[in-house]
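I opened this notebook to record what I looked up in the model. The entries follow below.

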Amino acid sequence: MNKKIKVKNSGIIKLQFVDDFPDGALVIGESRKSVPFDIKRIYYITNLSNPKAIRGKHAHKKLEQYIFCLSGTFRLHLDDGMTKQNLTMDSPYYGIRLGPKLWHIMTKFSRDCVILVLADDYYDENDYIRDYKQFMKYVKEDK
């Protein structure tokens, strides 16, 4: 994974990774320690058998999230309204911050891809910006 994030409202965290067990590795994340907020919602995406699947295609007004690729790989496209960046997600212990006002799209999923997202708040449809033109307008108005 590229460890340099160029877009605003994003960044990388690395969860504790313990690989000294003969029967597998352990990855540890804790609210307010490795994840800088109280986790109020988790969700995961799996069964991505369509090679042309596209997920995301939205931004949030306030929500803070971290996204992890627990298995397989996928491409994460980030856009803060000024800068765009594409990342290959392929590690279960590196997470990318999806902060507010950050458009994101997920593509190119491997068949074994499993994505985990940790969020700082409960689901609220009013927090979503689902139209890219509206996102660009929202970002420009906020300056």
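**Aromatic pairs**

I counted eight aromatic pairs, where rings of Phe, Tyr and Trp (its six-membered ring) pair if their centres lie within 6.5 Å, with planes under 30 degrees apart counting as stacked, over 60 as edge-to-face and the rest as tilted. I noted Y128 as buried at 14% relative accessibility (buried is under 20% relative accessible area, exposed over 50%, partly exposed in between; 1.4 Å probe, protein chains only). I also found F17, Y93 and Y94 in one aromatic cluster.

**Basis**

The model is predicted, and local features need pLDDT of at least 70, side-chain atom pairs pLDDT 80 or more, while totals for chains, interfaces and linings use all residues. Residues are numbered from 1 along each chain as its sequence is written, and side-chain values use heavy atoms, without hydrogens and water.

**Sheet**

I traced an open, antiparallel sheet of five strands in the order 1-9-6-11-4. Strands are DSSP runs (E, at least two residues), numbered from the N terminus, and two of them pair if DSSP finds at least two bridges between them. Strand 1 (12–14) and strand 4 (41–45) are at the edges with a single partner strand each, so one side of each has no neighbour in the sheet. Four bridges join strand 6 (residues 65–71) to strand 9 (residues 94–98), and Q65 stands opposite L98 in strand 9.

**L15**

I located L15 in the loop between strand 1 and strand 2 (16–18). L15 is buried, at 9% relative accessible area. Its contacts (heavy atoms within 4.5 Å) include V27, S34, F68 and Y93, leaving aside residues up to four places away in sequence.
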